[in-house]
Amino acid sequence: MTYTFNWSVLWSGQSGHWLLQGLLTTLQLSVLAWLLAIGLGILSGALRTVPFAPLRLAAISYVEFFRNVPLLVWMFFWYFGVPPLLPRPVQDWLFDHSAEFWAAVVALGVYHGARMSEVIRSGIQSIPRTQFEASVAIGLTTFQAYRLIILPVALRLIVPPGTNESLNLLKNSSVALTISVAELTFQTRQIETYTAKAIEALTAGTLIYLVLCLSIATIMARVERHYAIPGLISRAGTG
Amino acid sequence: MELSVIVNNWKFLIVQGLIGFGPFIGGTLRLAIPAIALGFVLGIFIGLARLAEARWIRLPATAYVEFFRGVPLVMVIFWIWFIIPQLLRLPIPEYGVALTAFVIFEAAYFGEIVRAGVQSVSRGQVEAATALGMTTTKTMAYVVLPQALKNMVPSLVTQMIVLFKDTSLASIIGYVDLTKAAQIVNNREIKPFQLYLFIAVVYWICTYSMSRVAQRLEHRRV
């Protein structure tokens, strides 16, 4: 192997600035998409358990279609496919305001919303039916029972798999480079293009992702322990 | 909605893009099937290594899993894309790069499934096999793994579906799979809405039928 390492490319020139920019874009994209995914996930996850068939069907179709198609296809769909169908002024506004970023937010959010929905549904369904019946018996409406009894308990059950899914979202935000969102992987490639030092650039990008994922996982493990309902979730023996 | 773009190009999209016959070396299935098989085989070794008594086997396997589960697949694809030509000093076709990246990356996930599956087999089974005089290797091969495999089926199929969807990322380095085929057609015809929705449906049919088969397998098992 005749590769000469030159790690200084990472802090000389613009590389450091690019990496920082990329990291910020990755975080912005992930946070916005995460909010959208959580909203859609809670909505459709809850709808899948209500006793009204058409709502259930709509939620099931959303989940089954969106989570079973590759994220990359959704990126192209939302970026290339959808904007031409919008009215002209909206299109112009979008392309003046980084359309690729918003397409990536929607693609990532809608795709992970469908996956989040599965996580949320299994959380809700793991709560015994009697809890719901008891809340109705003491005079709560269906909506109140969900808001006051089912969701507060379910949310705690959902945190561990939800963290996993959120980390998947963060890692999947790298797919946005295909529609030229200047996130972390995109910037890593850019450093590689400018300096021809592939290994150094990829190492920097990879390390940032690793540190990000591992620190979120560590923080969330603490949050889980803090909010765990005594006796309901046994954390013993699980990693 | 005008669908002629699909009708005119269905052969390129399906035969070349999905299956892999045509002018390009490509195809989603031609990549996904070997990647699933090899990724699972490597995953068995990694999963078992994580359960090994010896630290020098267990720790590297754990590090492997934690590393690959903490980085995006796109990053791994770029790593392989740049490093293999450097190491071997010869250009590798996109197919080789993509297959290597998928096998290495997905083996970490398969490894976790194998580990959980093996741990789900009750301790008494191992003790009984040892009492019968079986060696550790024999116990693993004839007693533990067959039972573990049954318990793994649901998560294995889920992971296969994930891998099948992930193969679309091979198009980033120019491999002509279903996604790339749609891009190629779109560059000529400029019908993104129809094309990307169409391949979304094709992907959906494949993944959904995989999950249906899995459900049936589970029912038969119980």
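The model scores ipTM 0.89 and pTM 0.88. In chain B there are nine helices and zero strands, and 32 residues of chain A are in contact with 25 residues of chain B. Take the topics below one at a time, with the structure open beside you.

**How confident is the prediction?**

- Chain B has a mean pLDDT of 90, and 99% of its residues reach 70 or more.
- For chain A the mean pLDDT is 88, with 95% of the residues at 70 or more.
- Residues 233–239 of chain A have a pLDDT below 50, and this stretch has four contacts in the model beyond near neighbours in sequence.
- Where pLDDT is low, the predicted coordinates should not be read in detail.

**Chain B as a whole**

- The C-alpha trace of chain B spans about 70 × 50 × 25 Å along its principal axes.
- Chain B has 222 residues, and buried residues make up 42% of them.
- Of the contacts in chain B with a separation of 6 or more, 71% are between residues 24 or more positions apart.

- Start with helix H4 (residues 73–88) and helix H5 (residues 94–120) of chain B, which pack at an angle of about 130° with their axes 9 Å apart.
- H4(B) and H5(B) are therefore oblique to each other, and H4(B) passes H5(B) in a right-handed crossing.
- On the H4(B) side, the residues that meet H5(B) are Leu73(B), Val76(B), Ile77(B), Ile80(B), Trp81(B) and Ile84(B).
- Their partners in H5(B) are Val97(B), Ala98(B), Thr100(B), Ala101(B), Ile104(B) and Phe105(B).
- Sorted by class, the contact of H4(B) with H5(B) has 11 nonpolar residues, one polar and no charged.

**Where the chains meet**

- The side of chain A that touches chain B draws at least two residues from each of helix H2 (53–67), helix H3 (71–81), helix H7 (142–172) and helix H9 (198–227) of chain A.
- H9(A) gives the largest share of that side, nine residues.
- By class, the side of chain A that touches chain B has 22 nonpolar, eight polar and two charged residues.

**A helix pair across the interface**

- H9(A) packs with H4(B) at an angle of about 160°, and their axes are 10 Å apart.
- That angle makes H9(A) roughly antiparallel to H4(B), and the crossing of H9(A) past H4(B) is left-handed.
- H9(A) contributes Ala198(A), Ile199(A), Leu202(A), Gly205(A), Thr206(A) and Tyr209(A) to this contact, while H4(B) contributes Met75(B), Phe78(B), Trp79(B) and Phe82(B).
- The residues in the contact of H9(A) with H4(B) divide into eight nonpolar, two polar and no charged.

**Two buried residues in chain A**

- Arg48(A) sits in the loop between helix H1 (15–47) and H2 of chain A.
- Is Arg48(A) buried or exposed? Arg48(A) counts as buried because it has 21 C-beta neighbours inside 10 Å.
- Arg48(A) and Ser117(A) are 69 residues apart along the chain, yet their C-alpha atoms are separated by 8.9 Å.
- Not counting residues up to four places away in sequence, Arg48(A) touches Arg56(A), Ala59(A), Ile60(A) and Arg121(A).
- Phe66(A) belongs to helix H2 of chain A and counts as buried, with 22 C-beta neighbours inside 10 Å.
- From Phe66(A) to Val110(A) is 44 residues in sequence and 7.3 Å in space, C-alpha to C-alpha.
- Apart from its neighbours within four places in sequence, Phe66(A) is in contact with Val110(A), Tyr111(A) and Ala114(A).

**Two loop residues with positive phi**

- Ser98(A) is not a glycine, but has a positive phi of about 40°.
- You can find Ser98(A) in the loop between helix H4 (88–96) and helix H5 (99–125) of chain A.
- Ser98(A) has 13 other C-beta atoms within 10 Å, so Ser98(A) is partly exposed.
- Ile190(B) is not a glycine either, and has a positive phi of about 50°.
- Look for Ile190(B) in the loop between helix H8 (178–189) and helix H9 (192–221) of chain B.
- Ile190(B) counts as exposed, because it has 11 C-beta neighbours inside 10 Å.

Terms used: Residues numbered from 1 in each chain as written. Chains lettered and ligands numbered in written order. Predicted model: local features only at pLDDT ≥ 70, side-chain atom pairs only at ≥ 80, totals over all residues. Contact = placed C-beta atoms within 7 Å. Helix = DSSP H or I, 4+ residues; strand = E, 2+ residues; numbered from the N terminus. Nonpolar A, V, L, I, M, F, W, Y, C, P; charged D, E, K, R; others polar. pLDDT = per-residue confidence, 0-100. Buried ≥ 20, exposed ≤ 12 C-beta atoms within 10 Å, placed from the backbone. Axes fitted to C-alpha atoms, helices over the stretch in contact; angles between N-to-C directions. Parallel < 35°, antiparallel > 145°, perpendicular 65-115°, else oblique. Left-handed = near helix turned anticlockwise from the far one by under 90°.
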